[in-house]
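This report describes a protein structure in terms of its local features and overall form. Please consult the sequence and the model alongside the text.

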Amino acid sequence: MNPEELNPEQRQAVKTTDGPLIIVAGPGTGKTRTLVHKIAYLIRERQVAWDQILAVTFTKSAAREMKQRLKTLLTPEKTGGLWVETFHATAMHILKEQGYPLGPGIEFKLIEDAEKPALLEGLMKKQDIPAFLKEIREQKQHLLLAENGLAKEYQNRLLASRRLDFDDLLIYACRLFEKKPQVRDLYRQRFRYVLVDEFQDTSFPQYQFMRQLVSENICVIGDPDQAIYGFSGRAFESFEQFKKDYPNHTVL
């Protein structure tokens, strides 16, 4: 780590590694730089294996940027297997590794929004489909899957076509961990350190997925005043929930 690239506050954040940690950082304060140096510090100074670190970002472009920055700090063999992903990409990796929910060896792909109405043919009038799909989306944002009715039939058709929708990734990952705690524990042991960028934008399903993955070393970074995510008329307050769930947390 080159100390000239970090100010004193950033260096403190980098070197604070164990336990639940909140790093409060507004726009232009070097959030990504701090997170990248923190990963490099864990690998170089703390001798943490690269495959024991999971870094979660909010967008694919942010994940690409973080990977590129890491390549300038670490040798290729130290970055090739790093998990630097979005929440949904992380969930997809896990589902595919575990052969869930369709079963071992059965591949699935994500359904495009334009493909969804075709699954509802014969179930409802065409003009009713947009409102129906919106309602399903809202339910899934609360990690809910229908147990009966048209929504259940839609989900059955989705699975029969070997497809999941975007929201299903987090739902089924959470259900996998709940049904098979030994699998959850496997990933908790695998990822000794979990780091989450732009934490203020974390949604309820994303947060619940993160909670399942974390053992003890979790670092979240972001600006509580910049939250953009909301559902059902109110934002999910990720920082406040974090403080409740990890009462022994440190704030920098």
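Glu112 sits in the loop that runs between strand 4 and helix 6, the latter covering residues 116-119. In this predicted model, the residue has a relative accessible area of 53% and is therefore classed as exposed, the threshold for that class being over 50%. Asp165 is 53 residues away from Glu112 along the chain, yet the two C-alpha atoms are separated by 7.5 Å.

## Overall form

The protein contains twelve helices and eight strands. Its radius of gyration is 20 Å, which agrees with the value near 18 Å that a compact globule of 252 residues would have. Along the principal axes, the C-alpha atoms occupy a box of roughly 65 × 40 × 30 Å.

Of the contacts with a separation of 6 or more, 74% join residues 24 or more positions apart. Buried residues make up 46% of the 252 in the protein. The accessible surface amounts to about 12,800 Å², and carbon and sulfur atoms contribute 48% of that area. As for charge, there are 36 positive and 34 negative side chains, with the centres of the two sets 3 Å apart.

## The loop between helix 5 and strand 4

The peptide bond from Tyr100 to Pro101 is cis, with omega near 10 degrees, and Pro101 belongs to the loop between helix 5 and strand 4.

Aromatic pairs number twelve over the whole structure. Tyr100 is placed in the loop between helix 5 (87-98) and strand 4 (109-110), whereas Tyr172 is part of helix 9 (residues 166-179), so the pair ties together parts that are 72 residues apart in sequence. Both Tyr100 and Tyr172 are buried.

Phe199 and Tyr207 are both buried. The two residues also belong to one aromatic cluster, whose other members are Phe204, Phe236, Phe239, Phe242 and Tyr246.

Ser238 is located in helix 12, which spans residues 238-245. With a relative accessibility of 2%, Ser238 counts as buried. Ser203 lies 35 residues from Ser238 in sequence, and the C-alpha atoms of the two serines are 7.4 Å apart in space.

## Cys174 in helix 9

Cys174 is a residue of helix 9, the helix that also carries Tyr172. Its relative accessibility is 3%, and Cys174 accordingly counts as buried. Apart from residues up to four places away in sequence, Cys174 touches Leu143, Gln208, Phe209 and Gln212. Lys96 is 78 residues from Cys174 along the chain, and the C-alpha atoms of these two residues are separated by 14 Å.

## Residues with positive phi

Leu143, one of the residues touched by Cys174, has a positive phi of about 60 degrees although it is not a glycine. Leu143 is found in the loop between helix 7 (129-140) and helix 8 (149-160). Its relative accessibility of 18% is under the 20% limit, so Leu143 counts as buried.

Arg162 is likewise a residue other than glycine with a positive phi, near 60 degrees. Arg162 lies in the loop between helix 8 and strand 5, the strand being made up of residues 163-164. At a relative accessible area of 48%, Arg162 is partly exposed.

Definitions and conventions
Residues numbered from 1 in each chain as written. Predicted model: local features only at pLDDT ≥ 70, side-chain atom pairs only at ≥ 80, totals over all residues. Heavy atoms only, no water. Helix = DSSP H or I, 4+ residues; strand = E, 2+ residues; numbered from the N terminus. Rg over C-alpha atoms; globule rule 2.2 N^0.38 Å. Buried < 20%, exposed > 50% of the residue type's maximum accessible area, 1.4 Å probe, protein only. Contact = heavy atoms within 4.5 Å. Areas by Shrake-Rupley, 256 points an atom, 1.4 Å probe, with all protein chains shown as cover. Lys, Arg positive; Asp, Glu negative; His and termini not counted. Charge placed at Lys NZ, Arg CZ, Asp CG, Glu CD. Phe/Tyr/Trp six-rings, centres within 6.5 Å; stacked < 30°, edge-to-face > 60°.
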